[in-house]
Structure formats: structure tokens, C-alpha cells
Amino acid sequence: MPTNGELPPEPSKAFDTILVLDFGSQYTHLITRRLREIKVYCEMLPCNTDLKDLPFEPSGVILSGSPYSVYDDRPTTKDHPEGPAPHVDAAVFDLGVPVLGICYGLQEMMWHQDKGIVVPGTARNEYGKAALRIARHPHEKPHIDKLFAGLEDDMEVWMSHGDKVSRLPPDYLPIATTDNAPFAGVAHKSKELYGVQFHPEVTHTPRGAQFLKNFAVDICKASQNWTMDRFVDKEIARIRALVGPKGQVIGAVSGGVDSTVAAKLMHEAIGDRFHAVLVDNGVLRLNEARDVKKILSEKLGVNLTVVDAGQRFLEQLKGVVDNPEEKRKRIGNTFIQVFQEKAEEIAAAAEGSSRAGNIEWLLQGTLYPDVIESISFKGPSQTIKSHHNVGGLPEIMHLKLIEPLRELFKDEVRELGTNLGIDQELVWRHPFPGPGLAIRILGEVTPSQIKIAQEADKIFIEEIRAAGLYREISQAFAALLPVKAVGVKGDKRAHEQVIALRAVKTTDFMTAQAFQFDNEFLSKEADETIVTSKPPGTIEME
């Protein structure tokens with residue numbers, strides 16, 4: 001830990017860092033994920049980042065794909081809302097570090113050399129699997145063949161592009177081809193500048209991870225030292241330096257893996273000077289407040305206060321029937337009010353105690369996907385819903401934010417939690433939304449509806465655990481629909497509400513697909529949630 005008053009460096013300065021510049025591709029975050037998976041640290045920034053303001057020196061730069069065409073210079077209009085194509089600061093090619101262009105990134109490199117090189121295809125040039133042939137150049141400079149070192153001369157890759165490079169500048173050589181793309185891979189003759197037309201970051205390119213390792217490790221010389229063991233020591237030191245020897249931090253916890261790991265990390269750094277607050281909003285999972293208190297206070301030693309505000313939240317939700325965003329807004333606003341009141345109460349008690357030091361900091365469990373989704377070369381996205389972090393609190397309470405997890409993906413948070421000694425059952429717990437069951441109860445939220453939703457959710461999760469599927473599923477829950485159907489309870493006809501079950505798989509919580517249950521599980525779950533067979537029920541809904 002520095003002794004000269006300086007803060008310990010952030011990860012981009014503490015680790016060799018690959019900079020990923022985003023041009024708006026749906027795959028960009030996967031580049032970051034793949035590099036992290038091989039223990040190379042990387043960060044993503046918008047493609048139009050002014051490189052003279054870059055706060056760190058990257059070991060290398062990757063230019064992402066994009067839905068744009070590099071030659072599209074049409075201004076933003078009603079008929080063309082996308083506006084002109086994005087372009088990178090040309091200084092990127094003079095940083096003196098290796099640069100890799102992927103798909104649009106390749107075309108962007110060529111466009112900077114000669115604006116006429118990239119042309120539209122007559123149809124969508126290539127989409128899907130393609131056979132890539134590597135062109136070796138043993139008599140040229142050694143760096144040219146490094147990108148495909150150790151890879152087969154014929155590779156299966158994934159393509160997704162409409163434009164094409166029609167010719168190469170004189171300083172470049174072709175290093176890979178396909179039937180439809182004669183310049184599917186290129187390299188500069190003297191500089192470590194490379195471009196490929198395919199997407200190595202997607203799993204559809206089987207050797208993509210090795211390809212990216214060739215670039216990041218063998219060409220950029222980035223160390224493979226991005227581990228949670230190294231991160232936790234550096235982050236604890238950074239928190240201590242940031243907060244100071246007497247400073248105090250307050251933060252909301254939910255019992256989910258993110259807030260629990262953040263709370264444990266803060267406790268490790270500053271002990272009881274961190275004040276965790278759990279606001280029971282009345283729409284938590286069954287026995288949630290009790291269980292969270294037991295885990296955080298008794299098992300992890302975190303200084304926790306539980307606020308029972310369920311009735312207050314329910315009063316705010318009265319009459320909200322078919323407007324989910326209104327539910328979110330009311331819950332969020334009420335949470336801010338309750339949290340602020342408790343924070344002021346804790347602050348007053350702290351000021352009156354022997355532990356000198358005011359509460360100046362607010363802990364927030366921001367993760368890297370939250371950061372990525374707010375990054376855009378056109379400004380923060382207007383289409384992505386607000387995250388469930390404590391929005392609005394810093395402005396109201398005049399607190400400074402501290403976000404120890406903001407550089408981490410979900411799997412990295414789980415690894416960190418394991419390293420901090422948190423039980424695996426909690427580390428692998430499925431996410432739970434800030435508005436809780438309120439957005440899993442379609443229609444008005446009432447005590448009776450909450451009870452049904454809690455019980456149904458408990459049954460579903462217990463069955464998933466019993467089947468040994470919990471770790472295979474990323475998130476699962478039961479939702480209560482404002483629809484009734486005929487069933488049988490106690491040998492009598494019942495006209496009750498319908499429960500919808502949802503389960504998904506994801507690795508990054510930015511994309512997801514439905515989990516495929518087998519029929520045996522679904523039949524058992526139907527029995528447990530009182531879905532009747534015929535007889536004694538009916539085939540029809542009513």
C-alpha cells in the first residue's frame with residue numbers, strides 16, 4: 001500500500017490492460033469476456049474516446065465490429081436516425097502498441113489508410129460459418145505469422161459482415177482468406193497492426209480463444225495475472241486508502257451475491273465502519289430478511305441493520321395494476337426515502353460515539369455489465385432500463401460513491417466471493433431484482449398476492465435444487481399472472497390464478513436463453529404447484 005498519500009492504482013494501471021474500443025457491435029462485450037477468461041485484464045471504452053485523455057497505457061488495442069458501414073457519412077436525420085458511421089481517433093495507430101481490428105475494426109483500419117478500399121457487397125457478403133485458410137509468410141518479418149501461430153492452416157470461423165475490403169494498401173499483406181473474402185486476415189509489413197474479417201470472440205469460432213491469446217499474450221506481451229486473489233488484495237488496499245483511517249461507509253444489501261460480496265469486501269477493508277442496511281420492502285422472497293440477517297451478521301460478521309418497511313411499500317403500490325414502470329418508480333423512490341432516513345439515523349449515532357468520522361461514502365454494487373450497457377459512442381443508451389442500484393442517493397445525501405466491483409463480471413464476483421470465504425450456496429444464488437416480487441406479480445400487489453408468489457417461488461426453486469439443476473440455471477423464478485383457470489383442490493373445483501415459471505441460462509447476464517427442462521421435471525413441478533391432470537381436472541383452461 002502506498003505511503004506517500006497516493007491511492008493504490010485502479011486495475012487498468014495495476015495490470016497489463018488490453019483496451020477494447022466499441023463501435024456498437026452486439027459481440028463487443030464478448031471480446032472483453034474472452035480475454036478475462038484467459039486471465040488478461042481488459043477494459044472497454046467507446047470507439048470515439050479521445051486517446052490523449054486515456055488514463056492508462058494499454059498493452060494493446062482491439063477495434064470491435066459494428067452494424068455500420070465505414071463509408072456511410074450521411075448525417076443524422078429522421079429517415080437516417082443512426083447518423084454517420086463512427087470512427088476511431090487516428091492516433092490509435094501511432095500509440096506504439098499492437099492493434100487488432102475485428103470485422104468492422106478491420107475495415108476501419110483500411111478506411112484510415114485509403115477511404116476507397118472498403119466497398120459494399122452486392123448482397124450480405126458472409127454470415128455464419130466459413131472456412132478460413134491461413135496464408136503463412138515465413139520469409140517476412142516474424143510478427144506477421146504470430147497471429148495464427150499454433151493454429152491449423154484451415155480453420156472454421158464465424159462471419160457476419162456485409163461490406164468487404166476490395167484491395168490492400170501497399171504496406172499490408174493478406175494472412176487469411178475465405179471463398180468470399182480474399183482479405184479475411186491482414187497484417188502490416190513492419191508494424192504490429194492486424195485485422196480479421198471473422199469474429200474470434202464468439203463460441204462459433206472454435207479456436208477463437210487461442211487466436212485472442214496469440215494477440216494479447218504473444219504479441220501484446222500482456223501478463224496472464226488477472227486473478228481474484230490479486231484483485232482482492234489491491235482492492236482492499238484501495239478502499240482503505242480511499243476511505244481513510246476514520247471514514248465510514250453505508251450501503252444497501254439485498255442478500256444477493258453482488259451486494260453480499262461487496263459488503264464482505266468492505267467489512268474486510270474497514271470492519272464495523274461499514275454500515276450495511278437491508279430494507280425489507282415487503283416483496284422479498286419467503287423469509288428473506290431473516291435469512292440475510294443470519295448470513296451477513298452471524299456468518300460473515302458484517303455490521304447490518306434491517307429495516308422493516310413492508311407496509312410502507314405496500315401502501316405506495318396500492319392501485320398500480322398494469323404499469324410495471326410505475327411499480328419500479330414507486331418502489332425506488334420509497335427505497336430512497338427509507339434508506340436516507342436510516343442513513344441519517346446511523347450517521348447521528350456514529351457522530352455521537354467514540355468512533356470519530358462521518359459517513360461520507362455510499363457503497364454501490366455496480367458490475368462491469370452495468371458499466372458496459374451505459375457506454376456508447378452516442379452517449380448512454382436510452383433503451384436499457386435502469387439498473388437496480390441505488391440511483392438518486394448520492395445527489396440527495398451528498399455522499400461519494402464507492403464501487404469495488406465495477407470492473408468485474410458476474411463469474412468474477414462469484415470467484416471473489418469464494419476467495420472471501422462466502423458459502424457456495426450464497427455465491428451461486430440466482431439474482432433477485434431490486435423491485436422484488438412486485439415485478440413478478442402481474443397486476444396489483446397485495447398481501448395475498450405476495451403470499452402466493454412467495455410460496456410458488458419457494459416450491460419452484462426447491463424442485464430445481466432437488467433435481468440438481470440449480471447451478472446449471474442462471475436465474476429462475478415463478479411469476480403470478482392476473483389470469484384464472486380451472487383446477488382441483490381437495491377434490492373440489494377451484495378457479496385460481498395461473499403461475500408462469502421462467503428459467504434461463506447465461507454466462508454474462510447480458511444475453512440469455514431459455515433453460516430446457518425435461519418432461520419429468522415439468523410434470524413433477526406441475527403436481528407441486530397444483531396443476532391438475534385429467535381426471536379430476538379438465539383439459540381446457542375453464
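Colleague: Which residues form one aromatic cluster?
Modeller: The cluster is made up of Phe15, Tyr41, Trp226 and Phe231. This is a predicted model, where local features need pLDDT of at least 70 and side-chain atom pairs count only at pLDDT 80 or more, while totals for chains, interfaces and linings use all residues. Residues are numbered from 1 along each chain as its sequence is written, and side-chain values use heavy atoms, with hydrogens and water left out.

Colleague: And how many aromatic pairs does the structure hold?
Modeller: There are 14 aromatic pairs, where rings of Phe, Tyr and Trp (its six-membered ring) pair if their centres lie within 6.5 Å, and planes under 30 degrees apart count as stacked, over 60 as edge-to-face and the rest as tilted.

Colleague: Why is the pair of Tyr41 and Trp226 called tilted?
Modeller: The planes of the two rings, Tyr41 and Trp226, stand at 50°, so the pair is tilted, and the ring centres are 4.5 Å apart. The pair links distant parts of the chain, with Tyr41 in strand E2 (residues 41-46) and Trp226 in the loop between helix H4 (208-219) and helix H5 (228-243), 185 residues apart. Helices (H or I, at least four residues) and strands (E, at least two) are DSSP runs, numbered from the N terminus.

Colleague: Is Trp226 buried or exposed?
Modeller: Trp226 is buried at a relative accessible area of 3%, and Tyr41 counts as buried too, at 0%. Buried here means under 20% relative accessible area, exposed over 50% and partly exposed in between (1.4 Å probe, protein chains only).

Colleague: What about Phe148 and Phe198, how far apart are their ring centres?
Modeller: Those centres are 6.4 Å apart and the planes of Phe148 and Phe198 are at 40°, so that pair is tilted. This pair also links distant parts of the chain: Phe148 is in the loop between strand E6 (126-134) and strand E7 (154-161), and Phe198 is in the loop between strand E11 (193-196) and H4, 50 residues apart. Both of these residues, Phe148 and Phe198, are buried.

Colleague: Which ring does Arg465 lie over?
Modeller: Arg465 is over the face of Tyr470, 3.8 Å from the ring centre, and Arg471 is over the face of Trp428, 4.0 Å from the ring centre. A charge sits over a ring if NZ of Lys or CZ of Arg is within 6 Å of the ring centre and within 35 degrees of the ring normal.

Colleague: What lines the largest one?
Modeller: Its lining consists of Pro9, Glu10, Pro11, Ala14, Phe15, Phe231, Lys234, Glu235 and Arg238. Helix H1 (11-14) and H5 are the elements that give two or more residues to this lining, and H5 gives the most, with 4 residues.

Colleague: How do the residues of that lining divide?
Modeller: They divide into 5 nonpolar, no polar and 4 charged, with Ala, Val, Leu, Ile, Met, Phe, Trp, Tyr, Cys and Pro counted as nonpolar, Asp, Glu, Lys and Arg as charged, and the others, Gly among them, as polar.

Colleague: How many disulfides are there?
Modeller: The number of disulfides is 0, a disulfide being a pair of cysteine sulfur atoms within 2.5 Å. Cys42 is buried at 0% relative accessible area, and Cys47 counts as buried, also at 0%.

Colleague: How many residues of helix H2 are buried?
Modeller: In H2 (residues 28-37), 9 of the 10 residues are buried, so the helix is mostly covered. Among the buried ones are His29, Arg33, Arg34 and Arg36.

Colleague: What follows H2, and what is its phi?
Modeller: H2 is followed by Lys39, whose phi is positive, near 65°. Lys39 is in the loop between H2 and E2 and is partly exposed, with a relative accessible area of 37%. Most residues other than glycine have a negative phi. Asn287 also has a positive phi, near 60°; Asn287 lies in the loop between strand E13 (274-280) and helix H7 (288-299) and counts as partly exposed at 39% relative accessibility.

How values were computed: On a 1 Å grid over the protein atoms alone, a cavity is a set of points where a 1.4 Å probe fits but cannot get out, and a pocket is an open set with protein on both sides within 12 Å along at least five of seven lines; lining residues have an atom within 4 Å of a point.
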